[in-house]
Each structure stands twice: as C-alpha cells, then as structure tokens.
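Let's take a friendly walk through a protein model together. Have the sequence and the 3D view ready, and follow along one stop at a time.

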Amino acid sequence: MSRTVFCQNLKKEGEGLAFQLYPGEVGKRIFDNICQEAWGQWQKKQTMLINEKKMNMMNPDDRAFLETAMVAYLFDGIEPDIEGYVPPSQK
C-alpha cells in the first residue's frame, strides 16, 4: 500500500516517496513532506543545473549549492536559475 503525504511543494495530497532518498534532516523533511511527482520535477531541474554549471558532485561546494537550490525549490517554491529555461507556467 502506498503512502500519501500533503506535498508542501505542490500544495496537494500525493503519493509519498517509498523511502528516504536524501540523508540527514533535509532528507527526513523531504520524505515527510514531498510527493513523488514534486521529487521527479526536482530531479529534472537538478540535472539541468548540474549540466549547465558543469558541477562536480565530488566537490563539497557544488553539493552544498545543489542542496540549497533543492530546499529552496521544494519548500519555498523558488525556481533555480537555469540559463535559457522558462518554466511552463511562465511561457
């Protein structure tokens, strides 16, 4: 049976993540408050950010930047700055 959560990102009930995908307190917050749909949207934006900024996930500064962008996107609704990308609602 799937787990449902009230998604803080999409502001609606949705299917919760199957397990905690991110470590620590941030990961617990995501697991408890973000649905699969919102997580999938973030993963697409994360990929664009990593590629555009040529990030190295072995670099602690790049990982910290990505975590900050993730929290801002998932919980504060702040779109990451991705050159040339216009979110669908703003086209």
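## Charges over rings

Over the ring of which residue does the charged end of Arg 3 sit? The ring belongs to Phe 31, and the charged end of Arg 3 is 3.7 Å from its centre. Arg 29 is placed over a ring too: its charged end sits 3.7 Å from the ring centre of Phe 75. A charge sits over a ring if NZ of Lys or CZ of Arg is within 6 Å of the ring centre and within 35 degrees of the ring normal.

Before going on, please note that this is a predicted model, in which local features need pLDDT of at least 70 and side-chain atom pairs count only at pLDDT 80 or more, while totals for chains, interfaces and linings use all residues. Residues are numbered from 1 along each chain as its sequence is written, and side-chain values use heavy atoms, with hydrogens and water left out.

## The aromatic pair

Searching the whole structure turns up 1 aromatic pair. Its partners are Trp 42 and Tyr 73, with 5.7 Å from centre to centre and 35 degrees between the planes, a tilted arrangement. (Rings of Phe, Tyr and Trp, the last by its six-membered ring, pair if their centres lie within 6.5 Å; planes under 30 degrees apart count as stacked, over 60 as edge-to-face and the rest as tilted.)

Because Trp 42 lies in helix H2 (residues 36-52) and Tyr 73 in helix H3 (residues 60-76), the pair ties together parts that are 31 residues apart in sequence. Helices (H or I, at least four residues) and strands (E, at least two) are DSSP runs, numbered from the N terminus. Trp 42 is buried at 0% relative accessible area, and Tyr 73 is buried at 5%. Buried means under 20% relative accessible area, exposed over 50%, and partly exposed in between (1.4 Å probe, protein chains only).

In soluble globular proteins, nonpolar side chains tend to be buried together. Here the largest nonpolar core has 20 residues, and Ile 30, Ile 34, Trp 39, Trp 42 and Leu 74 touch the most other members. Strand S1 (4-7), H2 and H3 each give two or more residues to this core, and the largest share, 7 residues, comes from H3. (Such a core is a set of buried Ala, Val, Leu, Ile, Met, Phe, Trp, Tyr and Cys residues joined through side-chain atoms within 4.5 Å.)

Leaving aside neighbours within four places in sequence, the contacts of Leu 74 include Ile 30, Ala 38 and Trp 42. Contact means heavy atoms within 4.5 Å.

## A buried lysine

S1 and strand S2 (residues 12-15) pair in the antiparallel sense over 4 bridges; two strands pair if DSSP finds at least two bridges between them. Val 5 stands opposite Gly 14 in S2.

Lys 11, in the loop between S1 and S2, has a positive phi near 60 degrees, although this residue is not a glycine. Lys 11 is exposed, at 56% relative accessibility.
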